Amino acid sequence: MTATVVAPTPTQIPSGNAFARVFRAVRANRKATVGAILLLIFILIALFPGVIAHDSPSADNYTPKLGFTTAHLLGTNTFGQDLWAQVIYGTGSMLQIAFIVGAATTAIAVLIGVAAAYLGGLWDGSLSVLTDVLLVIPLFPLLIVIAGYAHGDSIWVMIISITVTSWSYTARQLRAQALTLRNRDFLEAARVRGERKLYVIVVEIIPTMTSLIVASFLTNALYAILFSSGLQFIGLGNPNQVSWGTTLYWAQSEAALQTGMPWWALAPGICIALLGTAFALLNYAFDEIGNPALRPVRKARKVGRARG
Amino acid sequence: MRYVLRRLGFFILTMWAALTLNFLLPRLMPGNPAEVMLSKFHGELTPGSLHSLEVLFGLNTHQNIFQQYISYVHQLLTGNLGTSLSQYPQSVSSVIGSAIWWTVALVGVTTVLAFILGTGIGIVSAWRRGSRLDSIVPPVFVVTSALPYFLVGIVLLLVFGITLKWFPSEGAYYVTTDTPGFNITFFEDVFNHAVLPAAALLITLIGTWILTMRNTMITTLAEDYVRMARAKGLPGWRIMLDYAARNAILPNLTGFAMSLGFVVSGAILIEDVFNYPGVGFMLLQAVGNEDYPLMQGLFLLITVAVLVAILIADVLTALLDPRTREAG
C-alpha cells in the first residue's frame with residue numbers, strides 16, 4: 001500500500017439474507033432511518049412529479065418575479081417559470097445521475113478492488129497503482145476539462161465521465177476488505193475444487209462483502225450528486241434540461257440573489273443538500289453498523305481492527 | 001528513506017499520468033475541438049505561438065502520435081504552456097501567474113485553519129465520549145460535510161454580503177477605489193473580501209476532518225498504552241494529547257493530503273460564487289471562452305499543486321512516524 005486511507009472494515013452482521021440484514025440495520029440506527037426516509041421522499045417525488053406540481057417546469061408564460069403565492073408556491077423567476085415545478089421536476093434527473101453513477105462506479109470499484117486483492121502479484125501491483133493515481137488527480141478540474149472539450153448537451157457525457165474517473169476511492173476500501181478474506185478456508189476450498197478465478201471473485205468473495213458494497217454505493221452516489229450539480233451550477237450541464245444544478249446556474253447568471261429572488265437559488269440548493277445529506281447519513285450509519293466502536297453513547301471497549 | 005523514495009516515484013508517475021491525460025483528451029474527443037478553436041484565431045496568431053499550440057493539440061502535423069507525444073513533452077519541459085487565446089498575446093504562464101496567489105492564499109489559510117480546528121474538535125469530541133458535545137458533533141458535521149460548496153457560499157453571500165452588508169460580496173478587493181500595494185488599507189480590503197469565501201470553504205471542509213479525527217482517536221483510545229497511561233495516573237490532558245492524539249493524527253495526515261483534491265474543487269465553486277479572481281474562476285472563464293491552452297495549463301498547475309502537497313505530507317509522515325520507515 002502506498003498511502004493510507006482510513007478504511008472502515010465492517011465486520012459481518014450474521015444471519016438472514018443481505019437485504020433483510022440491511023433493512024434491519026437501517027431500522028435500528030437513527031441516522032440511517034432519517035437518511036432512508038429522506039431518500040424515500042425524494043424517490044416518490046421523482047416518480048410522481050405531476051401529482052405534486054401542477055405547472056410545467058419549462059412553461060415560461062407566468063408573471064415573472066412573483067414572490068410566494070398560492071398558485072406559485074416558490075414564486076416565479078425572471079423568465080416567468082414556476083420555481084416549485086422546476087424543483088419538483090428537477091428531482092428525477094438528479095436521482096437518475098446519483099443511482100446510475102453510484103451503481104456503475106461501485107461495480108467498477110468492486111471488480112477492480114476485489115480482483116487486485118484476490119489475484120495478487122502483478123495484477124495487484126498494476127491495479128493498485130492505477131487506483132492510486134486516479135485517487136490523487138483532482139477530479140473536479142478534470143471533469144471541467146472533459147466537459148469543456150465535449151460540449152455535451154447529453155446527460156450521458158456527464159454520467160460517463162464521472163463514472164470513469166471517480167471509482168478509485170471505494171475501490172481502495174474494497175481491496176483492503178478483500179485482502180482480509182484472502183486466506184479464508186472457503187476460498188481455499190473453491191481453489192481446491194478447481195473453480196475459475198472469475199467464478200471465485202463473483203460467486204464466493206463479492207457476496208460476503210455486501211455491507212461494504214452498499215456503503216461504497218452510498219459514497220459514490222453522494223460524489224455523483226456533488227460533482228454533477230457542481231458541473232451544472234457552473235454551466236457545464238445541458239442548460240435546457242430541468243435539473244437542480246441547472247436551475248442554480250440560471251439563478252446565478254441572472255443575479256437572483258442581488259435582485260431579490262433568493263429562493264430561485266436557495267430552493268434547488270437546499271434540495272441538493274438534503275439529498276446529499278440522505279446519502280451521507282445512510283453512509284455514516286453504515287460505518288457505525290460495521291464498526292461498533294463508533295456507535296453513539298456506550299462504554300469504550302477494545303476494538304480489533306483488521307488492517308488492510 | 002525507502003518509503004520517501006517510493007513516494008517520490010509515485011509522485012513522478014502521477015505527474016506523468018496527468019501530462020499524458022492532458023495530451024490525450026483533446027485528441028480523443030470526436031472532431032478535435034482544438035481545431036475549431038484554432039481556426040477562429042488563425043489570422044491573429046504569430047507563427048511562433050501558432051506552432052506551440054499546434055504542438056499542444058496535435059494540429060497541422062504529419063507526425064504520428066508517438067512523435068507528437070515526444071514534441072509535446074519536450075515543449076512542456078521547457079516551460080512553454082502555449083499562448084492564451086482569450087488574453088492574447090499573453091502566454092498562459094503569465095496569465096496564470098496573475099491569478100495563482102489569490103487561490104494559494106485563500107486555500108492555504110482555510111486548509112491550515114480547517115486542519116487545526118477540525119483536529120482539535122475531533123480530539124476533544126472523542127475524548128469526551130458520550131458527553132453532550134460528542135452527541136452533537138457527529139450528526140452536525142455529517143450534514144455539513146455533505147453540503148454542496150456553492151450552497152454554503154450562496155447562503156453566506158445572501159446573509160452577510162447582500163442582506164446585512166457586513167462584507168463585500170464579490171471580487172478580491174475594490175478594483176475601482178483601491179490600488180494594490182503594501183499598505184494597511186489594501187490588506188484590510190483584501191481581508192474583508194476573503195472572509196466570506198474562506199468561511200464557506202471552511203464550513204464544508206471541516207466536517208470530514210473532525211469525523212476522521214474523531215473516529216481514529218476513538219480507536220486509539222482503546223489501545224493498551226492509553227490504559228497504561230491511565231493506570232500510571234497521568235493527568236487527563238496529557239493522555240489525550242501526548243498518548244492518544246499524537247498517534248491518531250499520523251494516519252490522518254495522508255488522508256488530509258488526499259482530500260486536497262476536494263479542497264480544490266470547493267475553491268473553484270466558491271470562487272465562482274464570489275467572482276473571486278483565483279485560478280478556479282479563471283478555469284471556468286477559460287472553459288467559457290474556449291481558451292483551451294489556458295484551460296489545460298490551469299489543470300496541469302492544479303494537479304501539480306495537489307501532488308506536491310501530497311508529497312510534502314508523505315515526507316512529514318515519514319519524519320514523524322517511525323512505523324512508515326520500518327515498513328519501508
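The crossing of H4(A) and H7(A) is right-handed in this predicted model. The axes of H4(A) and helix H7 (residues 155–165) of chain A come within 9 Å and cross at roughly 35°. The model scores ipTM 0.85 and pTM 0.83.

**Packing of H4(A) against H7(A)**

- Two packed helices are described by the angle between their axes and the distance between the axes.
- From H4(A), the residues that meet H7(A) are A:Ser93, A:Ile97, A:Ile100, A:Val101, A:Ala104 and A:Thr105.
- H7(A) contributes A:Ile155, A:Ile159, A:Ile162 and A:Thr163 to this contact.
- Sorted by class, the contact of H4(A) with H7(A) has 7 nonpolar residues, 3 polar residues and no charged residues.
- An α-helix has 3.6 residues a turn, so residues three or four places apart point the same way.

**The largest nonpolar core**

- The largest nonpolar core holds 185 residues, of which A:Leu143, A:Ile225, B:Leu283 and B:Leu298 touch the most other members.
- Helix H4 (residues 83–119) of chain A provides the largest share of this core, 18 residues.
- When residues up to four places away in sequence are not counted, A:Leu143 touches A:Ser161, A:Ile162, A:Thr165, A:Phe227 and A:Leu231.
- A:Ile162, one of the residues touched by A:Leu143, is also among the H7(A) residues that meet H4(A).

**Fold and confidence of chain B**

- Chain B has 14 helices and 0 strands.
- The C-alpha trace of chain B spans about 80 × 55 × 40 Å along its principal axes.
- Buried residues make up 45% of the 328 residues in chain B.
- Of the contacts in chain B between residues at least 6 apart in sequence, 72% join residues at least 24 apart.
- The mean pLDDT of chain B is 83, and 97% of its residues reach 70 or more.

**Contact between the chains**

- In the contact between the chains, 54 residues of chain B meet 50 residues of chain A.
- On chain B, the helices that each supply at least two residues of the side touching chain A include H1 (2–28), H6 (132–146), H7 (149–163), H8 (184–221) and H10 (236–258).
- Helices H11 (260–273), H12 (279–288) and H13 (292–320) of chain B likewise each supply at least two residues of that side.
- H1(B) gives the largest share of the side of chain B that touches chain A, 8 residues.
- By class, this side of chain B has 37 nonpolar, 14 polar and 3 charged residues.

**A:Gly230, a buried glycine with contacts in both chains**

- A:Gly230 is found in helix H11 (residues 210–233) of chain A.
- A:Gly230 counts as buried because it has 25 C-beta neighbours inside 10 Å, and the cut-off for buried is 20 or more.
- Residues touched by A:Gly230, not counting those up to four places away in sequence, are A:Phe140, B:Pro148, B:Phe150, B:Ser265 and B:Leu269.
- A:Gly230 and A:Ala255 are 25 residues apart along the chain, and their C-alpha atoms are separated by 17 Å.

**Exposed positions in chain B**

- B:Gly130 has its place in the loop between helix H5 (92–127) and H6 of chain B.
- B:Gly130 is exposed because it has 12 other C-beta atoms within 10 Å, and the cut-off for exposed is 12 or fewer.
- The C-alpha atoms of B:Gly130 and B:Leu85, 45 residues apart along the chain, are separated by 59 Å.
- B:Ile65, in helix H4 (residues 65–77) of chain B, counts as exposed with 12 C-beta neighbours inside 10 Å.
- B:Ile65 lies 38 residues from B:Arg27 in sequence and 9.5 Å from it in space, C-alpha to C-alpha.
- Helix H9 (residues 224–231) of chain B is hardly covered, as the count of buried residues among its 8 residues is 0.

**Residues of chain B with positive phi**

- B:Lys165 is not a glycine, yet it has a positive phi of about 55°.
- B:Lys165 is found in the loop between H7 and H8 of chain B and is exposed, with 9 other C-beta atoms within 10 Å.
- B:Glu290, which is not a glycine, has a positive phi of about 55° and lies in the loop between H12 and H13 of chain B.
- B:Glu290 counts as partly exposed, with 19 C-beta neighbours inside 10 Å.

Technical notes: Residues are numbered from 1 along each chain as its sequence is written. Chains are lettered from A and ligands numbered from 1 in the order in which they are written. This is a predicted model: local features need pLDDT of at least 70, side-chain atom pairs count only at pLDDT 80 or more; totals for chains, interfaces and linings use all residues. Two residues are in contact if their C-beta atoms, placed from the backbone, lie within 7 Å. Helices (H or I, at least four residues) and strands (E, at least two) are DSSP runs, numbered from the N terminus. Ala, Val, Leu, Ile, Met, Phe, Trp, Tyr, Cys and Pro count as nonpolar, Asp, Glu, Lys and Arg as charged, and the others, Gly among them, as polar. A nonpolar core is a set of buried Ala, Val, Leu, Ile, Met, Phe, Trp, Tyr and Cys residues joined through C-beta atoms within 7 Å. pLDDT is the predictor's confidence in each residue, from 0 to 100. Axes are lines fitted to C-alpha atoms, for helices over the stretch in contact, and angles run from 0 to 180 degrees between N-to-C directions. A crossing is left-handed if the near helix is turned anticlockwise from the far one by less than a right angle, and right-handed if clockwise.
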